[in-house]
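Here is a colleague's note for someone opening this entry for the first time. Please keep the sequence and the model side by side while reading the points.

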Amino acid sequence: MPRKSPVIIDLKFIPEEVTAALATAFADREAINLADPENAGRDLSGIDYAVLWKPTADLFSRAPDLKVLFSGGAGVDHVLTLPGLPEVPLVRFIDRSLTTRMSEWVVMHCLMHLRQHATYEAQAARREWRDLSQPEAADVTVGVMGLGVLGQDAVAKLRVMGFNVVGWSRTRKTIAGIDTFDGGEMDAFLARTDILVGLLPLTAETRGLYDLALFRKLKRDGALGGPVFLNAGRGGSQVEADILTALADGTLKAASLDVFETEPLAADSPFWTLPNVYMTPHVAASSDVKALFAHVERQIARHEAGAPLEALVDRKTGY
């Protein structure tokens, strides 16, 4: 039987989680974890596969014979901009666990803004017992930008919670029970939106999309007393100076941000101390490493059996 190609693992995830997942993954071939010091100078020529998330800068020069690349997450912009990227198929990670985690984050933050959690937290810190008038989910329209696998799951779960939901995507999607808008109808979409949820991939068209001009088109007379912005897509799609301006002048009432233009977020960023901003460190849809490796194993088996790869990235569109 011919020797099966090893798999290079170059993931900037929690190291212990990667090590634990590798204990039961890739039973039919070697997995070379570049986080292990013993692999620091290893010859990586002749290897077909690599699983990547923010890989080392010299990976492609060390591994010149790669035939398929696997992104460690649903997003692939971190791979497409790598110097020396080979012209080989790139597969993104689509999995139930990743999709569910993103929807959890979106629903949680929509509910926290709906139920005025930040105000109640501030009152608790002052030991102040005071009720606030509470709108219900049916009074609020959530507008989801990006209606791929993640966006459609978030839409479904927001509807279960009782929110009105509308959706926008570059090309129109048909989703039962909600109004959808395409690229030429963004203003109409924004005018109906109380909570804007950004789940778009980072492409040339989406870079810097979330700016002050866009925020000013959001619904202004809704039940929350002002529009709210959530971004769990990509930090490069937002203009952070404009978010700060919008929060300061009332264009935005509040925000929840999981992604930033530069990560990690600088220690002196104003976002750390804003009382009307919830922040998380790019963890809205953290990949389940065991599920990721199972996905890669399935795709390698398909590839070696001559079947087409699934979740293949179109490099022209960037997703």
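**Notes on the predicted model**

1. Tyr210, Phe215 and Phe229 form a cluster that is held together by ring pairs. This is a predicted model, in which local features need pLDDT of at least 70 and side-chain atom pairs count only at pLDDT 80 or more, while totals for chains, interfaces and linings use all residues. Residues are numbered from 1 along each chain as its sequence is written, and side-chain values use heavy atoms, with hydrogens and water left out.

2. A pair of aromatic rings is described by the distance of the centres and the angle of the planes. Here rings of Phe, Tyr and Trp (its six-membered ring) pair if their centres lie within 6.5 Å; planes under 30 degrees apart count as stacked, over 60 as edge-to-face and the rest as tilted. The count by this rule is seven aromatic pairs. In one of them, the ring centres of tyrosine 210 and phenylalanine 229 are 4.9 Å apart and the planes stand at 50°, so the pair is tilted. This pair links distant parts of the chain, 19 residues apart: tyrosine 210 is in the loop between strand E9 (195-198) and helix H8 (212-215), and phenylalanine 229 is in strand E10 (residues 228-231). Helices (H or I, at least four residues) and strands (E, at least two) are DSSP runs, numbered from the N terminus.

3. Phenylalanine 215 is buried, as is phenylalanine 229.

4. Strand E9 has neighbours to examine. Two strands pair if DSSP finds at least two bridges between them. Strand E6 (residues 141-145) pairs with E9 in the parallel sense over four bridges, and glycine 143 has leucine 196 in E9 as its bridge partner. E9 and E10 also run parallel and are joined by four bridges; valine 197 stands opposite leucine 230 in E10.

5. In a regular strand the side chains alternate between the two faces of the sheet. In E9, Ile195 and Val197 point one way, Leu196 and Gly198 point the other way, and all are buried.

6. The loop between E9 and H8 also holds threonine 206. Threonine 206 is at 9% relative accessibility, so it counts as buried. A polar atom of its side chain lies 2.7 Å from the backbone oxygen of proline 201.

7. Another sheet deserves a look. It is an open sheet of five strands in the order E2-E1-E3-E4-E5, with parallel pairing. Its edge strands, strand E2 (31-33) and strand E5 (90-91), each pair on one side only. Strand E4 (residues 68-71) pairs with E5 in the parallel sense over two bridges, and leucine 69 has leucine 90 in E5 as its bridge partner.

8. Which residues lie nearest the centre of the second largest pocket? They are Lys54, Asp77, Phe260, Glu261 and Glu263, out of 15 lining residues. By class, the lining has four nonpolar, five polar and six charged residues; Ala, Val, Leu, Ile, Met, Phe, Trp, Tyr, Cys and Pro count as nonpolar, Asp, Glu, Lys and Arg as charged, and the others, Gly among them, as polar. A pocket is, on a 1 Å grid over the protein atoms alone, an open set of points where a 1.4 Å probe fits, with protein on both sides within 12 Å along at least five of seven lines; lining residues have an atom within 4 Å of a point.

9. Most residues other than glycine have a negative phi, and most peptide bonds are trans. Lysine 54 is not a glycine, yet has a positive phi of about 55°. Lysine 54 sits in the loop between strand E3 (49-53) and helix H2 (59-62) and, at 41% relative accessibility, counts as partly exposed. The peptide bond from glutamate 263 to proline 264 is cis, with omega near 0°.

Conventions. Buried < 20%, exposed > 50% of the residue type's maximum accessible area, 1.4 Å probe, protein only. Polar contact = N/O pair within 3.5 Å; in protein donor to acceptor, adjacent residues only side chain to side chain.
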